Structure formats: structure tokens, C-alpha cells
Amino acid sequence: MTDAPPFSPAAERNREPILATLRQVLPAHGQALEVACGTGQHAAWFAQHLPGWHWWPTDAGADLFPAVLARTHGAGLRNVAAPSVLNLLAPEAWPLGEQCFDLVYAANLLHIAPWACAEALMRLAAQHLAPGGRLVTYGPYLEDEVPTAEGNRQFDASLRQQNPAWGIRRREDLQAEAARAGLALAQRHALPANNLLLVWVRAEGAGA
């Protein structure tokens, strides 16, 4: 009997609402680059339920790649590439070459990474999104005009205690960083548990 692969309860909880929103946002076919794929639960779930999409999972290190492979191979998925290392903070080693994607996807990353990762994610998307492509980010956010839920206040304080470079990011700060990279916020979707799914596009293509 083999050990079960590492498991993220949060990824299990949020995969359904994220999938429902992706179905609203995305066309039927495309190439998706996932940044910070973690245990591979999202890669396997989305590839299974969005069969017209080919999924390219990446992470900053290879520690969890056996879990990604176990899930995608175990599900018999043929539209998921083997995971590869992509460290946002080492752009000189990004393994993407000239490849472009219709979707760059990053879930629950920005609040458990230094701000430099947010800057790099925007630059990566600006460089590697195909025409009409989208950057989708998911997770908790602070917003100037929206009262912060008590759960997010406590979560933010806990994150900053663990690492002063972490913390829930202000949506407006991300918008400013996106603008510097040539991207703009096109859609804001409120999801359960005080999370947002944000859709970013090239600045000239922004719209509600």
C-alpha cells in the first residue's frame, strides 16, 4: 500500500467555486500555465473538468512534483504537462522561452510570498500571455472601499507573525504593479470564505 500524496484542504474546498468562475471567464480551449501548483490538486481538477485546456503546472521547487504526477497520472489525464520548476524570483531561469499562454493562473500565492513575487508574476504574465490571454489570481485581498472581514484580519496578522515579508495584499497595490507591467484588472469575482478571483488582461484590453 502506497502513502497518499500530500493534500491541501484549502485546495479541495475552493476548487469548485474557482472552476465555476473559470468556466465563465475562459474560452473552451487554451494553454494554461499554473504558477505555484503545490500538491497538483488544482491542476488535476481543472484539467479534468476543462478538457479543452492543456495545463502546465510549475512550482518554485520540485518537492511536491511526485504528488502532482500521482494525481494527474492517476486520473489518466493527457492534457497536463509534467511539472517544471519556475521560481518567480529567478527570471533568468524561467523555462518558458518564447512560449505564450492563454491563461496564467496563481492561487493562494501572493500572501505567502514576498512582494517581489507579485512584481515578478505581473512581469511574467505581461511577457508570456498570448493575445487576448488572462492572468487569474485567487486568494484573500484587502480593498480600500471594502471592510476587511475579521477572519482575514486575523489571518493577515498570523501571516506577518510567521514572516514579516508575508501578508494579505491590497488589491489597489496589485493594480498599480500590474499597470507598471502593462496589465489591468478586468474582472473581480467574490468567492466563498472572503476570497477573490481577479482577472487581469493587457491594459488596452481592460473592461468590465
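Visitor: How do α4 and α6 lie to each other?

Guide: α4 and α6 are oblique to each other. Under 35 degrees counts as roughly parallel, over 145 as roughly antiparallel, 65 to 115 as roughly perpendicular, and the rest as oblique.

Visitor: What sort of model is this?

Guide: It is a predicted model, where local features need pLDDT of at least 70 and side-chain atom pairs count only at pLDDT 80 or more, while totals for chains, interfaces and linings use all residues. Residues are numbered from 1 along each chain as its sequence is written, and side-chain values use heavy atoms, with hydrogens and water left out.

Visitor: Back to α4 and α6. At what angle do the axes cross?

Guide: At roughly 40°, and the axes come within 9 Å. α6 is the helix of residues 171–181. Axes are lines fitted to C-alpha atoms, for helices over the stretch in contact, and angles run from 0 to 180 degrees between N-to-C directions. Helices (H or I, at least four residues) and strands (E, at least two) are DSSP runs, numbered from the N terminus.

Visitor: Left-handed or right-handed crossing?

Guide: α4 passes α6 in a right-handed crossing. In a right-handed crossing the near helix is turned clockwise from the far one by less than a right angle; anticlockwise makes it left-handed.

Visitor: Which residues in α4 and α6 meet?

Guide: From α4, W115, A118, E119, M122, R123 and A126. They meet D173, L174, E177, A178 and A181 in α6. Contact means heavy atoms within 4.5 Å. The residues of this contact divide into 7 nonpolar, no polar and 4 charged. Ala, Val, Leu, Ile, Met, Phe, Trp, Tyr, Cys and Pro count as nonpolar, Asp, Glu, Lys and Arg as charged, and the others, Gly among them, as polar.

Visitor: And which residues of α6 are buried?

Guide: R171, E172, L174, E177 and A178. Buried means under 20% relative accessible area, exposed over 50%, and partly exposed in between (1.4 Å probe, protein chains only).

Visitor: What covers the buried residues of α6?

Guide: The cover includes α4, β6 (141–142), β7 (169–170), β8 (183–191) and β9 (195–202). Just after α6, G182 takes a positive phi of about 90°.

Visitor: New topic, α1 and α2. How do the axes cross?

Guide: They come within 10 Å and cross at roughly 40°. α1 covers residues 9–25. α1 and α2 are therefore oblique to each other. α1 passes α2 in a right-handed crossing.

Visitor: What makes up that contact between α1 and α2?

Guide: A11, E12, N14, R15, E16, I18, L19, L22 and R23 in α1 meet Q41, H42, W45, F46 and H49 in α2. Those residues divide into 6 nonpolar, 4 polar and 4 charged.

Visitor: On to α3. Which residues are buried there?

Guide: In α3 (residues 65–74), they are F65, A67, V68, R71 and T72. Seen down the axis of α3, they fall within an arc of 160°, so they line one face of the helix. The arc is that of the directions from the helix axis to the C-beta atoms.

Visitor: What is on the other side of α3?

Guide: P66, H73 and G74, which are exposed there. The buried residues of α3 pack against α2 (41–49), β2 (53–59) and β3 (84–85).

Visitor: Tell me about T72. What does it touch?

Guide: T72 has a relative accessible area of 3%. Leaving aside neighbours within four places in sequence, T72 is in contact with A44, L77 and V80.

Visitor: Now the loop between β4 and α4. Is H111 buried or exposed?

Guide: H111 counts as buried, at 6% relative accessibility. H111 sits in the loop between β4 (101–107) and α4 (115–128). Beyond neighbours within four places in sequence, H111 contacts P140, F155, L159, W166, G167 and I168.

Visitor: What about A113?

Guide: A113 lies in the loop between β4 and α4. At 4% relative accessibility, A113 counts as buried. A113 touches A165, W166 and R169, not counting residues up to four places away in sequence.

Visitor: And what is the phi of N108?

Guide: Near 50°, a positive value in a residue other than glycine. N108 is in the loop between β4 and α4. At 25% relative accessibility, N108 counts as partly exposed.
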